[in-house]
Amino acid sequence: METFLQQVVSGLATGGIYGSLALALVMIYQATDVVNYAQGEMAMFSTYLAWTLINAGAPYWAAFLATLVIAFAGGLLIERVVIRPVENAPILTIVIVCIGLLVILNSLAGWIYSYIQKPFPSPFPSRPIRIGSIVFGAHDLGAIGVTLVVLLLLYLFFRHTTLGLAMRAAAQNPVSSRLCGIRVGWMLAVGWGLAAAVGAVAGMMVAPIVFLDPNMMAGILIYAFASATLGGFTSPGGAVVGGLVVGVVENLAGTYVTFIGTELKLTTALAVILVVLLVKPSGLFGRAAVRRV
Amino acid sequence: MRAAWLALGLVLAGAAAALPFLLSGFRLFQFTQVFVYAIALLGLNVLTGYNGQISLGHGAFYAVGAYAAAVMIDRWGIAYGWTIPAAGLLCFAVGFLFGVPALRLEGLYLALATFALALAVPQILKYFEHWTGGSQGIVLSRPEPPRGLGLTADQWLYYLALGVLAVLFVLARNLLRGRTGRAIVAIRDNPIAARAMGVNSALYKSLTFGVSAAYTGVAGALGALAVAFVAPDAFNVFLSITFLVGIVIGGLASVSGALWGALFIQFVPNWAQDISKAAPWAIYGVFLILFMYAMPRGIAGALGQARARLARPGRQKGGPSWTGDASCSRWS
Amino acid sequence: MALLEAAALEARYGPTLVLHGLDFAVEEGGITTILGANGAGKTTTLRAVCGLVRTAGEIRLAGRRIDGRPTEDIVRLGVAHVPEGRGTFMELTVEENLRLGAYARRDRGAVAGDLERVYRYFPVLRERRRQLAGTLSGGEQQMLAVARALMARPRLLLLDEPSLGLAPLVVQEIFRIVRAINREDGVSVLLVEQNAAIALDLADRAYLLETGRVVRSGAAADLRRDDAVRRAYLGY
């Protein structure tokens with residue numbers, strides 16, 4: 001029983017990370033119909049920036065916040081400078097640009113920081129936390145906490161601020177938004193900025209677990225795809241729930257199903273994707289696209 | 001005007017025929033590989049460019065074709081010539097079968113499904129060790145050129161690939177120009193209207209998947225012969241993504257685009273490495289992005305626009321200046 | 001003085017020219033209607049004023065040229081467009097839709113007051129303020145669309161076929177309110193309509209459009225009496 005709970009909590013922690021990255025993917029997809037394949041690399045690069053700050057002597061939370069700001073600015077700039085020239089181009093053209101971005105960020109990180117794995121600090125104590133008779137990793141609990149705080153802030157922003165409302169409007173109906181005087185292009189840019197910041201949080205929470213290296217987020221990105229597929233690419237909340245489910249299932253499957261072990265863990269994510277697509281492509285919470293004739 | 005294009009085509013064909021006597025070794029092999037990729041890209045383009053079904057998993061069909069050829073040659077001792085059409089038929093069947101569940105998936109969801117497939121391929125190949133030789137793969141011997149032609153193995157492979165490409169190129173062109181082609185494109189542009197006009201959408205979509213897979217499988221078989229080696233890690237998700245890059249850069253919904261795209265994916269990574277040893281992929285990424293800015297519809301698209309502008313000589317002088325938005329199809 | 005003036009206005013979708021050089025005007029405080037059959041180019045005209053299509057020629061708002069400027073800027077100059085199909089934000093609530101109408105306004109403090117006014121004009125919207133706009137009926141969505149436009153406190157209101165698909169009583173109500181805001185707040189109106197009778201009843205000036213060209217123009221009262229117009233568009 002204790003193992004079960006520990007694995008569930010651990011799964012929720014990694015699931016929260018998958019869900020955060022999935023949320024970033026869904027945010028951009030909802031606004032632009034484009035999946036930003038570079039989301040993982042943007043998160044990785046942000047994490048490296050955090051590492052640079054921490055290494056230069058900055059206290060963890062100061063570096064954390066600074067990284068969020070830089071990631072936001074970076075995401076916004078990327079949308080305005082890199083994506084904007086092709087924003088009206090065919091969708092696959094934009095996909096290629098995202099792939100280009102992915103490759104550039106990955107390669108730059110390897111060049112600047114080398115491919116040697118680096119340890120990344122966790123802001124949470126290394127002593128495990130005892131609740132009742134069960135022992136949990138402090139970082140696991142902390143990661144869950146941070147994910148929840150980020151999600152809460154995002155929710156409040158989108159539901160209760162004018163800018164958040166304008167962004168939701170711009171994502172749903174760009175033409176009507178422009179008729180309300182909303183500068184849709186800038187709304188997109190802010191959306192990219194927020195997605196980048198959320199990704200940075202995911203990166204900084206996962207780096208202590210898997211160690212920092214340029215290919216760190218590749219596997220996480222696939223789990224994020226699985227999470228968004230399960231939850232529904234049209235549902236931000238669904239993406240997060242999907243992430244939690246994928247995280248827990250992955251952990252439990254790895255623990256209790258003997259032939260899975262660590263190599264086939266990735267296959268679990270793929271299996272999730274394929275099963276969901278066969279049964280209900282729009283995911284648990286997504287809405288099936290209704291095509292009007 | 002047409003005479004000029006025809007002449008250009010003949011010059012290019014002549015150059016292609018003469019190449020094996022001008023280049024040797026690795027360089028020649030690179031061009032052979034270009035033809036192989038062009039066949040694969042042609043396959044993917046029929047599915048994604050003309051029929052609108054996005055596939056991020058065509059590396060899987062390439063792998064099936066390659067391994068089919070390798071297993072047939074290595075385990076069953078079949079002559080390499082037969083493996084090419086055999087790979088094509090096998091992949092047609094696999095593609096058609098895959099196309100059936102894919103009917104339910106659109107756009108993003110199909111992309112995800114094929115992406116998952118592409119990711120799974122190396123692991124599946126390693127799992128079925130008995131057939132595939134596991135991680136170590138299968139080593140093949142280079143096909144011997146027919147006696148009496150006086151060609152080296154490299155040259156023979158080059159002409160073989162070029163010949164298969166030419167045949168498949170013509171087949172594709174004829175297919176796409178006729179009724180079938182129009183049906184395929186109609187399904188992409190407005191599936192409901194196409195069905196309303198009596199096009200059997202499900203059948204056509206599955207058939208297109210099959211044909212697309214067949215082309216890519218043939219490419220895989222040729223590729224296996226050219227490289228003389230197959231191993232699981234060569235067919236990872238990168239290959240599928242490279243194919244997608246190839247058709248977008250070359251030009252969606254364009255037969256000639258396959259060749260442009262193949263040239264790009266074969267040579268540009270090398271150029272990138274020449275420019276920067278430290279971060280070659282960063283340069284490649286920059287190339288990708290700049291290409292998409294300059295030619296959002298790919299090389300074939302840009303050439304098509306240039307050709308159209310040449311054909312329409314005068315625009316009114318002092319005409320009104322056009323401003324504002326235009327709404328166009330988001331697909332191409 | 002004309003609030004809105006168009007001179008030699010052309011518009012195209014892709015390679016197809018849809019408007020072939022229109023000249024029309026909306027007087028300050030007046031109501032102008034553009035009539036015509038399906039495909040005449042009426043909707044395109046409104047979209048051209050808002051910068052939603054590619055145009056050539058001149059469009060002036062209070063003397064300043066607005067052609068070629070982005071839609072968001074034109075809207076911020078005081079133009080509110082109720083598009084064909086209403087353009088409602090289906091997945092947002094009624095109140096969120098209304099607040100978005102006021103998005104571009106500088107005078108934040110007055111927005112709450114305007115929300116109240118708009119609820120007074122359209123009580124059904126107050127009842128449904130927290131409902132998703134997509135759950136409203138056609139007539140209610142049209143009212144929402146007009147209300148959203150009013151939230152912008154526009155100088156010029158562009159109405160695209162407000163009567164389309166609505167029950168006559170609802171149409172009458174909407175037109176009554178449009179007349180009221182024109183009289184009380186001095187909002188100028190450019191109305192595009194297929195229903196010529198009701199449009200000519202409301203408007204001061206009228207233009208008749210046929211395949212992208214103005215074929216008749218004048219005071220609305222005159223066009224009502226014009227034989228050709230009566231036969232073709234009023235049905236008697």
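Modeller: Here it is, and please keep in mind that this is a predicted model. A place to begin is chain A, where buried residues make up 58% of the 293 residues.

Colleague: How many helices and strands does chain A have, and which pattern do they follow along the sequence?

Modeller: The secondary structure of chain A comes to 11 helices and two strands. Read from one end of the sequence to the other, the pattern of chain A is α-α-α-α-β-β-α-α-α-α-α-α-α.

Colleague: What is the radius of gyration of chain A, and what does the globule rule give?

Modeller: The C-alpha atoms of chain A fill a box of roughly 60 × 50 × 35 Å along the principal axes. For 293 residues the globule rule gives 19 Å, and chain A comes close to this, so it is as compact as a globular protein of that length, with a radius of gyration of 19 Å.

Colleague: In chain C, which strands stand at the edges of the open sheet?

Modeller: Four strands of chain C form this open sheet with antiparallel pairing, in the order S2-S1-S4-S5. A strand at the edge has a single partner strand, so one side of it is left without a neighbour in the sheet, and in chain C this holds for S2 (16-27) and S5 (64-65).

Colleague: Which residue is the bridge partner of Ala2(C)?

Modeller: S1(C) and S2(C) pair in the antiparallel sense over nine bridges. Helix H1 (residues 42-49) of chain C lies across S1, S2 and S4 of that chain, running at about 70 degrees to S2(C). Within S2(C), the bridge partner of Ala2(C) is Glu27(C).

Colleague: Is Ala8(C) buried or partly exposed?

Modeller: Ala8(C) lies in strand S1 (residues 2-13) of chain C, and its phi is near 50 degrees, a positive value in a residue other than glycine. Its relative accessible area is 43%, and because this falls between 20% and 50%, Ala8(C) is partly exposed.

Colleague: Is Glu161(C) buried or exposed?

Modeller: Glu161(C) has a phi near 45 degrees, which is again positive in a residue other than glycine, and its place is in the loop between strand S7 (156-160) and helix H7 (168-185) of chain C. Because its relative accessible area is 5%, and the cut-off is under 20%, Glu161(C) is buried.

Colleague: Which residue in S7(C) is the bridge partner of Ala80(C)?

Modeller: S6(C) and S7(C) pair in the parallel sense over four bridges. Both faces of S6(C) are covered, with Val79(C) and His81(C) buried on one side and Ala80(C) and Val82(C) buried on the other. In S7(C), the bridge partner of Ala80(C) is Leu157(C).

Colleague: How far apart in space are Tyr121(C) and Glu173(C)?

Modeller: Tyr121(C) is found in helix H4 (residues 109-121) of chain C and is buried, with a relative accessible area of 17%. Beyond its neighbours within four places in sequence, its contacts include Leu150(C), Ile177(C) and Ile181(C). Tyr121(C) and Glu173(C) are 52 residues apart in sequence, and their C-alpha to C-alpha distance is 9.6 Å.

How values were computed: Residues numbered from 1 in each chain as written. Chains lettered and ligands numbered in written order. Predicted model: local features only at pLDDT ≥ 70, side-chain atom pairs only at ≥ 80, totals over all residues. Heavy atoms only, no water. Buried < 20%, exposed > 50% of the residue type's maximum accessible area, 1.4 Å probe, protein only. Pairing = 2+ DSSP bridges. Contact = heavy atoms within 4.5 Å. Axes fitted to C-alpha atoms, helices over the stretch in contact; angles between N-to-C directions. Rg over C-alpha atoms; globule rule 2.2 N^0.38 Å.
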